[in-house]
Amino acid sequence: MHRWNDHHRLVIGTNYSNSEQVLPSLIAQLKARYPEMNILARVAPSNQLNRMLMDNELDIALMGSAPEHELFSCRHLGSDRFVAVLPPKHPLTEKEQVSLQDLTAMPFFAREPGSANRMIVDDALALAGVDITPLVESTSVHYIIHAVARQAGASILPERVVSVEAAQGMVATRPIDAPGFVRDTYIVWRKSHYLTPVMHEIIDLLRQLAEQTQA
């Protein structure tokens, strides 16, 4: 297995949201600074990333929830709120914010069980005492967004994940009138992995990129 003091090998794990928002810029900047470094990125739900870290298959991971296992260390990179994602001309778009009861009346598209996004949404719904049974569960954020755009229903997603499509008018987003709909991003590694100067630089770079995507 590769080690963190081997500057020629780095395996990064990331959940689906960060694979689109942070990972491309991270890889580009790392390749510019360390052209000899062999970088491998693995995209998976947070529950699988936990297992891969446990099995020593990753050097570092970007996740939407803090790991609970004592073998891991983590640093908080930032937060992003969840919003209701609606068809662009749906009557609910006339409201400044929507309630969870509003969403129960619509077909609902959800991320797959085990993903950090799904766990956050399920926990927030449980906190509010609201039950929403998904019509579709999908690993693809793009599928969910395009399904909503075609008037098929609604979803709840992190705001920056859907920001481009919202700006283009493909979908509309509205704040949710309920607590708990916030996603944190963490960088996670095994405590047994020594933080070399290169890894400290990677952590600082990830923090900068996370701040840029939230600006």
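The model is predicted: local features need pLDDT of at least 70, side-chain atom pairs count only at pLDDT 80 or more, and totals for chains, interfaces and linings use all residues. Residues are numbered from 1 along each chain as its sequence is written, and side-chain values use heavy atoms, without hydrogens or water.

**View 1. Lining of the largest cavity.** The lining divides into ten nonpolar, two polar and three charged residues. Here Ala, Val, Leu, Ile, Met, Phe, Trp, Tyr, Cys and Pro count as nonpolar, Asp, Glu, Lys and Arg as charged, and the others, Gly among them, as polar. Of the 15 lining residues, Phe-108, Ala-110, Arg-111, Arg-118 and Val-121 lie nearest the centre. β5, α5 (116–128) and β7 each give two or more residues to this lining. α5 gives the most, with five. A cavity is a set of points on a 1 Å grid over the protein atoms alone where a 1.4 Å probe fits but cannot get out; lining residues have an atom within 4 Å of a point.

**View 2. Buried residues of α6.** In α6 (residues 141–149), Val-141, Ile-144, Ile-145, Ala-147, Val-148 and Ala-149 are buried (under 20% relative accessible area, 1.4 Å probe, protein chains only). Their cover includes β4 (72–86), β5 (108–111), β6 (136–138), β7 (154–158) and α7 (163–167). Helices (H or I, at least four residues) and strands (E, at least two) are DSSP runs, numbered from the N terminus.

**View 3. Ends of α6.** Ser-140 caps the N-terminal end: a side-chain oxygen lies 3.4 Å from the backbone nitrogen of His-142. Gln-151 follows α6, with a positive phi near 70 degrees.

Terms used
Buried means under 20% relative accessible area, exposed over 50%, partly exposed in between (1.4 Å probe, protein chains only). Contact means heavy atoms within 4.5 Å. A polar contact is a pair of N or O atoms within 3.5 Å; within protein, one must be able to donate a hydrogen and the other to accept it, and residues adjacent in sequence count only if both atoms are side-chain atoms. On a 1 Å grid over the protein atoms alone, a cavity is a set of points where a 1.4 Å probe fits but cannot get out, and a pocket is an open set with protein on both sides within 12 Å along at least five of seven lines; lining residues have an atom within 4 Å of a point.
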